[in-house]
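Hi everyone, thanks for making time for this.

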Amino acid sequence: MLQGNHITVRYGRFAAVNDLSFRLEEGQWLMLAGPNGAGKSTLIEAIAQGVPYSGSFLWQGRQDIRTLKPAQLARRIGILSQKNTVGYAYTVEEVVGLGRYAYKAGFLSGNDGGGQESVERALQMTGLTDLRRASMLTLSGGETQRVFLAQVFAQDPQVLILDEPVNHLDLKYQQHIFSLIQAWLMQPGRAVLSVVHDLSLARRYGTHAVLMDHGKCVSQGDAGSVLTPDHLRSVYGMDVHAWMRDMLSQWM
C-alpha cells in the first residue's frame with residue numbers, strides 16, 4: 001500500500017535517515033523500532049511531507065505521494081504525531097471533527113455525508129464520549145493524545161501512521177488503544193505503520209518490523225525474524241532479550 005524507496009533526510013551533512021527502503025502491505029502492522037536517534041520519527045515526518053527528503057514514497061506502488069493534494073493524501077494516510085497541542089478552547093468534539101476536512105467540498109463547507117457518524121464512532125472507540133463538550137485546554141496529556149487519535153480514526157484513512165501512539169497513556173488505555181488499532185486493521189484495505197519504543201508492544205502487535213540505527217535499516221521483515229536477540233544487541237548495545245526476561249521474572 002505504501003512503499004519507501006531510498007529515503008534520505010539530511011540536516012547539513014548529517015543524515016537522519018540514510019537510504020532507507022521499506023514496503024507496507026495490506027493487513028500488515030509494521031513497527032519502526034530502534035534506539036533514540038535512529039531516525040524513526042524523522043521517517044514519519046518525511047511521509048507527512050513535513051521535512052525535505054530524497055527518494056520517493058509510492059502509493060499502491062504507482063503514485064508518488066508528493067503529487068497528491070493534501071485532501072487526497074488525508075483520505076489515504078492518517079498520521080498521529082507524538083506531540084499535539086491546542087492553543088484555543090476548542091471542544092473535544094470539534095477537534096475530532098477536524099479529521100473530516102478531507103471529505104468536505106470546501107474548508108467552510110458543512111457537507112460531509114457520514115461525517116457525524118464517523119466522529120461519534122471515533123469518540124466511542126477512544127472512550128471520549130463523556131468528554132465531548134470539554135475544552136481541550138482542560139485535558140491531561142493522555143486525554144489530549146486520545147483526542148488526536150480519535151481525530152485520525154474519524155479521518156477514516158486506509159493507512160494509519162502512528163508515532164508512539166500510547167506514549168502518554170496509562171496501562172488501561174495502552175491496551176485499549178492497541179486492541180482498537182488491531183481491530184481497525186482487520187478490515188479490508190488497511191495497514192498500520194507505527195513508531196514504538198516498547199519492544200514488548202512491537203512483538204505483541206507487530207506483524208512486521210524495520211529495525212533502525214543511525215538512520216539506516218539494520219533488519220526488516222516479519223517481526224519475529226527482525227526483533228531477535230542478536231539484532232537487538234547490535235543496535236542497543238545490551239542483551240535486550242535477557243533484560244526483558246529479567247523484568248518479566250519480577251511478576252512470576
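Predicted model: local features only at pLDDT ≥ 70, side-chain atom pairs only at ≥ 80, totals over all residues.

Let's begin with helix H5, which is mostly covered: 13 of its 15 residues are buried.

Just past the end of H5 comes Asp156, which has a positive phi of about 55°. Its side chain also meets that of Arg190 in a salt bridge, at 2.8 Å from N to O. Asp156 sits in the loop between H5 and strand E7 (159–163), while Arg190 sits in the loop between H6 and strand E8 (191–195), so this pair ties together parts that are 34 residues apart in sequence. As for cover, Asp156 counts as partly exposed because its relative accessibility is 31%, whereas Arg190 is buried at 12%.

While we are on salt bridges, the count for this model comes to nine. Another of them joins Arg132 and Glu93, with the closest N and O atoms 3.0 Å apart. Here Arg132 belongs to the loop between helix H4 (115–125) and H5, and Glu93 to helix H3 (residues 92–97), so the parts tied together are 39 residues apart in sequence. Are these two buried or exposed? Both Arg132 and Glu93 are buried.

For a contrast in setting, look at helix H9 (residues 229–236). Asp230 and Arg233 both lie in this helix, three residues apart, which is about one turn. In general, an α-helix has 3.6 residues a turn, so residues three or four places apart point the same way. The side chains of Asp230 and Arg233 meet in a salt bridge of 3.1 Å, N to O. Asp230 counts as exposed, at 57% relative accessibility, and Arg233 as partly exposed, at 34%. Elsewhere, salt bridges with shared partners link Glu93, Glu120, Arg132 and Arg133 into one network.

Now, please turn to the sheet. What is the order of its strands? This is an open sheet of four strands in the order E2-E1-E4-E5, and the pairing is antiparallel. Strands E2 (14–24) and E5 (63–64) are at the edges with a single partner strand each, so one side of each has no neighbour in the sheet.

You can follow some of the partners by eye: Gln3 has Leu58 of E4 as its bridge partner, and Asn5 stands opposite Ser56 in E4. Leu58 then has a partner on the E5 side as well, namely Asp64. Two bridges join E4 to E5, again running antiparallel. In the hairpin they make, with three residues between the strands, Gln60 takes a positive phi near 55°.

His6, in strand E1, has one of about 50° although it is not a glycine. His214 also has a positive phi, near 50°, and is found in the loop between strand E9 (208–213) and strand E10 (216–222). With a relative accessible area of 63%, His214 is exposed.

On to the aromatic rings, where a search of the whole structure finds six pairs. In one of them, Tyr53 and Phe57 have ring centres 5.1 Å apart and planes at 65°, so the pair is edge-to-face. Tyr53 is buried at 12%, and Phe57 is buried too, with 0% relative accessibility. A tilted pair is formed by Phe178 and Tyr205, at 5.0 Å centre to centre and 40° between the planes. Phe178 is in helix H6 (residues 171–185) and Tyr205 in helix H7 (residues 199–205), so the pair ties together parts that are 27 residues apart in sequence. Phe178 and Tyr205 are both buried. Returning to Tyr53 and Phe57, these two form one aromatic cluster with Phe22.

My last stop is on the surface. Met238, Trp243 and Met247 make up a nonpolar patch there, and together they have about 290 Å² of accessible area. Trp243 belongs to helix H10 (residues 240–249) and is partly exposed, with a relative accessible area of 44%.

Key
Residues numbered from 1 in each chain as written. Heavy atoms only, no water. Patch = residues over 30% accessible without salt bridge, like charges linked within 9 Å, V, L, I, M, F, W, Y side chains within 5 Å. Areas by Shrake-Rupley, 256 points an atom, 1.4 Å probe, with all protein chains shown as cover. Salt bridge = Lys/Arg side-chain N within 4 Å of Asp/Glu carboxyl O. Buried < 20%, exposed > 50% of the residue type's maximum accessible area, 1.4 Å probe, protein only. Pairing = 2+ DSSP bridges. Phe/Tyr/Trp six-rings, centres within 6.5 Å; stacked < 30°, edge-to-face > 60°.
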